[in-house]
Amino acid sequence: MKKAEKSFQFKGLLTENGWLENVKVYLDDDGKIEKIDSGRVDSSAEGYALPGFQNAHSHAFQYAMAGLAELHSTNSVDDDFWSWRSAMYDIALSVSPDELEAIATMLYSKMLRFGYTSVAEFHYLHHDKDGKLFDNRAELGARLVSAAKTAGIKITLVPMFYQMGGFGQVALEKQKRFISPSLDEYLKLWEASEKVVRNQSHAKIGYGIHSLRAVKAGDIESFFKDYKQDLPFHIHLAEQIKEIKDCQEFYHMPPVEWFLNNAPVSENFHLVHCTHLNDFEVKGIAESGASVVLCPTTEGNLGDGIFRFIDYKEFNGNWSIGTDSHIGLNPFEELRLLDYGQRLISHKRNIFTTSESGDSGFNAIKMAWKSGRRAMGEQNSEFFEIGDDFDAVVMKSSSPLIENSSIKNLCNTFVYTADSRDILGTIVAGKWLVKENEHNKFQSIKDRFKEAIKNLAIR
């Protein structure tokens, strides 16, 4: 007996060149795209399909503390990133492997609900509560990969090299779960992590150094002698003013400048935050082909500052988005906050305009997707390429503003007005994982999460 043909019908499908209307997408048995036809749908066609969003920066365990750092002492003059970091360390010291997996599964299911279909997990919680190795060095990375599989999101696990407590400083007691004391120890961790993702269709691997303050210069230089250029590399750089000052004192130059001068920076490099840059650094990142990973809701929450986006755009710099500490999980919100922050300091409204297009919403979606794919270790040039998995977030065609918008105004309607109620659902590898705002495993994921948070007793 011939198998029933697997296909989806949409009122519109966004391509890297604009909209196709009345589209039918044909898939093989593994959820990969076989063919896309336009103008061939019936009355059951629903929604507008966008390529799934790429979450290029995540610390999954921090989701457990989302919202908890907003009770501020009335006696303290300063409550900043560094005080927040101390509170974050307290939670990092408490989480068990089972609890981490439960927290990450809930987080990843929520990412899917908001339209993310892939996540780059910037992973530095490596050891047990005493700072000792697990029997499997990559035990906690394995839990994150398992959480992603349960939720249905694709994951690029990026185990971090974290060695020091600051520039020239030994690691703090509160950092003991993060630490690989030498490059050799980090590479053993990385090899164990690579085994975790091997033969997992939903998982990939990347390389990462937490930050310049967290690893010795000699070990950074030694690392790059054997770095595999075909894998993505992630690093925090220039997030905080104190970090810039400390680096200036230690290396006699700011962190991005030092990194550009001492690392083989290329299009596979993903430099997270880069909030405070000088002119050399703005131009240098853009000309290297690297991407800056911007996390506007977290950067705003922590009081980091505002990236020099307009100057960076003049050099055609690449950028993607991430949710970092997960104080916000909506990609449209990240894009809006990025845009509006720039409007507030420039007094201009055409922040996402390019020489090719004045369609701000479309330009934002396209750039965030393109650089986000590279952050995952993918090199796609087309949103929905024949032979690739069909990963999409589908917007409701019946939502009032969407239903009454012309095709040319759809991307801007989505980016600048949509909330979660405007999302019909999320598809990964040809399967609906979220529909009408509910993940298909929501109750079991919620129950495990509730038990984990109860055990942690932090909320």
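Me: How many bridges join S10 to strand S11 (residues 269-273)?

Reply: Two strands pair if DSSP finds at least two bridges between them. Here 5 bridges join S10 to S11, and the two run parallel. Leu237 stands opposite His273 in S11. The model is predicted, so local features need pLDDT of at least 70, side-chain atom pairs count only at pLDDT 80 or more, and totals for chains, interfaces and linings use all residues. Residues are numbered from 1 along each chain as its sequence is written, and side-chain values use heavy atoms, with hydrogens and water left out.

Me: What are the elements, and which strand do 3 bridges join to S10?

Reply: Helices (H or I, at least four residues) and strands (E, at least two) are DSSP runs, numbered from the N terminus. Strand S9 (residues 207-209) is joined to S10 by 3 bridges, again parallel. Gly208 has His234 of S10 as its bridge partner.

Me: Which elements make a right-handed β-α-β unit?

Reply: Point the strands away from you: a crossover is right-handed if the path from the first strand over the helix to the second runs clockwise. S9, helix H5 (residues 217-225) and S10 make such a unit.

Me: Why is S10 largely enclosed by the rest of the structure?

Reply: Buried means under 20% relative accessible area (1.4 Å probe, protein chains only). S10 (residues 233-237) is largely enclosed because 5 of its 5 residues are buried.

Me: Which residues lie on each side of S10?

Reply: In a regular strand the side chains alternate between the two faces of the sheet. Phe233, Ile235 and Leu237 take one side, His234 and His236 the other, and both faces are covered.

Technical notes:
Buried means under 20% relative accessible area, exposed over 50%, partly exposed in between (1.4 Å probe, protein chains only).
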